6 protein chains.
Amino acid sequence: MTAPQAHFQALGVVHRTVHRADPAAVELLSRHGVSTVHEAMGRLGLMQPRIRPIYPQARMCGTAITVLLQPGDNWMLHVAAEQIQPGDVVVAACTADSTDGFFGDLLATSFVSRGCRGLVIDGGVRDVRDLAEMGFPVFSCAIHAKGTIKATLGSVNVPVVCAGALVHPGDVVLADIDGVVVVPAHLAQQVAEAAQAREDNEHAKRQKLAGGTLGLDMYAMREPLAKAGLRYID
Amino acid sequence: MTAPQAHFQALGVVHRTVHRADPAAVELLSRHGVSTVHEAMGRLGLMQPRIRPIYPQARMCGTAITVLLQPGDNWMLHVAAEQIQPGDVVVAACTADSTDGFFGDLLATSFVSRGCRGLVIDGGVRDVRDLAEMGFPVFSCAIHAKGTIKATLGSVNVPVVCAGALVHPGDVVLADIDGVVVVPAHLAQQVAEAAQAREDNEHAKRQKLAGGTLGLDMYAMREPLAKAGLRYID
Amino acid sequence: MTAPQAHFQALGVVHRTVHRADPAAVELLSRHGVSTVHEAMGRLGLMQPRIRPIYPQARMCGTAITVLLQPGDNWMLHVAAEQIQPGDVVVAACTADSTDGFFGDLLATSFVSRGCRGLVIDGGVRDVRDLAEMGFPVFSCAIHAKGTIKATLGSVNVPVVCAGALVHPGDVVLADIDGVVVVPAHLAQQVAEAAQAREDNEHAKRQKLAGGTLGLDMYAMREPLAKAGLRYID
Amino acid sequence: MTAPQAHFQALGVVHRTVHRADPAAVELLSRHGVSTVHEAMGRLGLMQPRIRPIYPQARMCGTAITVLLQPGDNWMLHVAAEQIQPGDVVVAACTADSTDGFFGDLLATSFVSRGCRGLVIDGGVRDVRDLAEMGFPVFSCAIHAKGTIKATLGSVNVPVVCAGALVHPGDVVLADIDGVVVVPAHLAQQVAEAAQAREDNEHAKRQKLAGGTLGLDMYAMREPLAKAGLRYID
Amino acid sequence: MTAPQAHFQALGVVHRTVHRADPAAVELLSRHGVSTVHEAMGRLGLMQPRIRPIYPQARMCGTAITVLLQPGDNWMLHVAAEQIQPGDVVVAACTADSTDGFFGDLLATSFVSRGCRGLVIDGGVRDVRDLAEMGFPVFSCAIHAKGTIKATLGSVNVPVVCAGALVHPGDVVLADIDGVVVVPAHLAQQVAEAAQAREDNEHAKRQKLAGGTLGLDMYAMREPLAKAGLRYID
Amino acid sequence: MTAPQAHFQALGVVHRTVHRADPAAVELLSRHGVSTVHEAMGRLGLMQPRIRPIYPQARMCGTAITVLLQPGDNWMLHVAAEQIQPGDVVVAACTADSTDGFFGDLLATSFVSRGCRGLVIDGGVRDVRDLAEMGFPVFSCAIHAKGTIKATLGSVNVPVVCAGALVHPGDVVLADIDGVVVVPAHLAQQVAEAAQAREDNEHAKRQKLAGGTLGLDMYAMREPLAKAGLRYID
């Protein structure tokens, strides 16, 4: 019998081959904000809002190296470091909720030396002042000094569910103060184009609204509102 | 039979007439912090602490345009925009807990063009970097890129319960890093006076405490503490 | 350009064809508890612990019809009803956190008439007394009377992330008071076998432990504990 | 200067006169579940879902005696006891979040002797086994043995915001396992009628659905779903 | 240099000698509820309200075997089993928040064979149906099927902080539906006496209140309320 | 009978004698970050991650004056002020969860005049802008304008459990953006040395990692990973 671990999220496995999104598409996506890209994705692909930047200016865009961690154990982040290529970001999920400090300035130094552009982790991080000074963008669900061990296998570059979003290795992950969005590698180019179209469109709208035009008129909402039964009372 | 929607918080209604607090009283209140005004109110009128500024310097004071939103739907914010007059702030409650990003830079641009001074929302917001750059103060329970739809009616300028506080249209809403306080329109002047009296009083106290006088002595606490049974052990 | 909605989780889509796990394997899995099956899966496949049964005896096992809901909108549950075949369970995820009451006794009546064995929903449900009286097992993150609307498209039978677990249509979903576990359809048979092996093994262990044998001895832990440095102090 | 405490929620005040909803309307409302009444209210009036029954069968309907408590202080519940008339329920809000055990079997004994039908409290309660044995329905946000003091004034029979819902003295409060709904006194009769109409209507629907009719057909959803763009894929 | 682990809560240590509270005092304490004993303790010694019984009738009283767990690791529970003597209960804290299922029916079988009366754990448990059928009382912060490993040392019979309460080995731990209270071993007898005195006193009060006497009169509250400024308005 | 309050955490007591950690050791500890000191302590002594700095640069190290507060009551902070000596920090626990604003700029002014270096409080604080301008470091679980009363006794300089950590008066408390760690007074010197050793060691590691050496090699992880069964797949 094949081990049940032959599961889509098998433990104890490192995939060395990652089908990364096209770098040109990644570059295009990196020009936009998370909110814009999320809209361009058809309002899908967002992580839950408990993932927050550790400093307000943190921002990143890159292709995902995925990690599946065990609670209180950061062994797999060391394994992941070797798989990082310039332009990658690391996305770390955990098999259970954990706010432990899985990641600090030493691992960040190692990741940076590999060309890593940032980290998203559904867990805690520490050495936050150092990370901010290094300008290494981290998005996490907690900040905590609590140390971790290196005892149990997880996996690297398997599909993971991180803060409610499914991430495949090589997907584009874009993060800023509005949250974290995941763009499947094969959709990167078209989402980038849709984001650009949206951005162009928003520029014109912004001008109109700044000039005093109401959204009610600009979006032609008055009729549907009346149909829905909205009543004005003086 | 009259519709049960003839309720105090009826859905699908926009009240155009708002009895705003006196602008002079609003101006007086705007000189104080939320903690001081909350004390001057007799320790009432605060929203729950989950409402936080989206950037630390955010601060606002104005008269309330109230909005009752449906979860994941920001249609009523567009309706509210038309009701804004210079000096107003928007206070948005929701019929259910929702962290969706109901509000972003486009709506902010529109609100600003109407003279709006800020937003309190018991929901999520997005485009936070843009909002901070615009200096538009927002107080929310979440930051999230998640987009919303425009499909279901709520109401504008009905009394709403926002983060535990009852807000009537025209009430003064003051918000800073300590939280959000609501001052009923007809009490604005007297609360402003009480806040000023409190502030004057605190200035003297601060001087004394800075000079080394203990609160135990300044507030004459030693006797009541002894009566309550406090024992000192060497 | 293909719409970005051509995503793995596209909105507005109903897949009528579901590759269900083998009924015999489902039957085998249904004999075990969630904890046992989770172990047999290599400790993967669990939903987060906030999903709880609405009454303590609730228990279910079946093949998944998946639903992606919009917050506060239960339209897609009606669409899903038509796709249910006897032996199915419904697994409903939501594009944002929502505790609204998406599901009540009317939908349950409809589901039961289609042969549905239960519901897992990362949202709220209502009419809980009726559901308990019907003996219809429901696992949810909330109980709330709050009604929902029918206005926005989600999807049916796309892969969904529900409470942290990835669920494909046709996967086996087993739920009891310990939680909810998802077994990929193609692994159902081998996981069932591994669960049975585990169960057999546990029976013998239980006898030993009941007789006073310590786990320290039964699992031969004394040496590894000593190696790890455990010190006994009298 | 009038004290700012002359606020709508003034502290240190007991209103002896309560305009209670008509007992006949209360009786009619008591025949329905919370979910039905909430719908009949136009989907308004619900408390937040963190208010839960302390035992599953708890159920109550009556006219509200309102209490505004200070955190960790149950003095006002004793003051409220005297204001209870047969058929009343007590609704207790708190000026800050608190899980302390404000209420136990002694207060329950006193409340019952006054004809009280139950308690809703946005705080903790204790002696839960005794309360369940007495069959005294309590809906709270916590169960905790933590004792409270009797030192600071709150108020009785002022409008309060309890778990997100505005409650006036005399309003009808209905609670069951689905949650807690508040019906303004003057709307009690018409909401009761609307609830009954809804109930009658649901009975017929339930029959149809049990017989295998799909909601898709019964509610004529196929056309609007198609218009919204729903695609079926085989 | 002595290892810093020579800390009050050192890891990797098992203390075999436990100074248990007097069994007679434990027996006396076991006759009372948690709320009564908490009051008799001077309103101290409670764990936080997130610790809940896994079935409503769960109730226990015994002397503490303490365990300090690592997140996701239940090794030390096996070590603790050997230290259990008849009349003991196990109190398990964790070095970080964790909802993993540290404890199930096998460990319970082992604990029972040693004469263990129950478990308090600031973590998750599983096999809850079996535990309820065994009548083994468990108080935990979560129920979750998630399995744990056996890899890292914690400690047994060191002082632990469990859900906010400090517990020394040998202390009396009493738990019921109202929560969990810890009575230091050397105070067990006097707390038991104070609890009994309180219980006797409450019986008389209960009779009076049932007969219609108000707490306002029984506790002579009217004068202090008036002094505090309570105003009655008709 | 001695009062049960003769408990380890007796209420209504102020201990004037505090055995403070050696100032030289405090000074040494103050040179390190919380994460480093926590590791040097053998991974113990941390408070839970909900305690956060009120401004990102907040940082403090000093000897603890401990306070046990009642919910919504800050009386004991005034009592504590008198016990502060230069180099002390105040650590305030509460007998129940409370987010009220126990502490603001007046108390901070008083504390500063006594030589206080900062505050850790498992409760709320207010006047946060003033505190930040004063550069007075505060670590709290909430920010809230809500005022407190002065009515019930707690204690000063008794052992307290604050956010999950046991703190004795005189212990060293170190806090920065990574969290709060407590070093028992008698261990201060050896923990400081261990922290320095760790820091020295980390410097060398950081250099290596920056140069491209992998943690896998630097920590010799490849063999244990292989033994644990890690498989690489191309």
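Contact means heavy atoms within 4.5 Å. This is a predicted model, in which local features need pLDDT of at least 70, side-chain atom pairs count only at pLDDT 80 or more, and totals for chains, interfaces and linings use all residues. Residues are numbered from 1 along each chain as its sequence is written, chains are lettered from A and ligands numbered from 1 in the order in which they are written, and side-chain values use heavy atoms, with hydrogens and water left out.

**Stop 1**

Select chain A and chain D. No contact joins them, and their closest C-alpha atoms lie 14 Å apart. Now select chain C and chain F. These chains do not touch either, with nearest C-alpha atoms 14 Å apart.

**Stop 2**

Hide everything but chain A. Its C-alpha atoms fill a box of roughly 70 × 45 × 35 Å along the principal axes. Colour by secondary structure: chain A has eight helices and 13 strands. Both are DSSP runs numbered from the N terminus, helices being H or I with at least four residues and strands E with at least two. Of the 234 residues in chain A, 65% are buried (under 20% relative accessible area, 1.4 Å probe, protein chains only). Take the contacts in chain A between residues at least 6 apart in sequence: 77% of them join residues at least 24 apart.

**Stop 1: a helix pair**

Select residues 75–83 of chain A, helix 3, and residues 105–113 of chain A, helix 4. They pack at an angle of about 15°, with their axes 9 Å apart. Axes are lines fitted to C-alpha atoms, for helices over the stretch in contact, and angles run from 0 to 180 degrees between N-to-C directions. Helix 3 and helix 4 of chain A are therefore roughly parallel (angles under 35 degrees). Show side chains next. Helix 3 of chain A brings Leu77(A), His78(A) and Ala81(A) to the contact, and helix 4 of chain A brings Leu107(A), Ser110(A) and Phe111(A).

**Stop 2: the axes**

Superposition is by least squares on the C-alpha atoms of residues with pLDDT of at least 70 in both copies.

Finish with chain D and chain F. A rotation of 180° with 0.0 Å of shift along its axis superposes chain D on chain F, RMSD 0.0 Å. These two copies are thus related as by a two-fold rotation axis. Of the interface residues of chain D, 100% are also interface residues in chain F, so the copies meet through the same surface.

How values were computed:
Angles under 35 degrees count as roughly parallel, over 145 as roughly antiparallel, 65 to 115 as roughly perpendicular and the rest as oblique. Buried means under 20% relative accessible area, exposed over 50%, partly exposed in between (1.4 Å probe, protein chains only).
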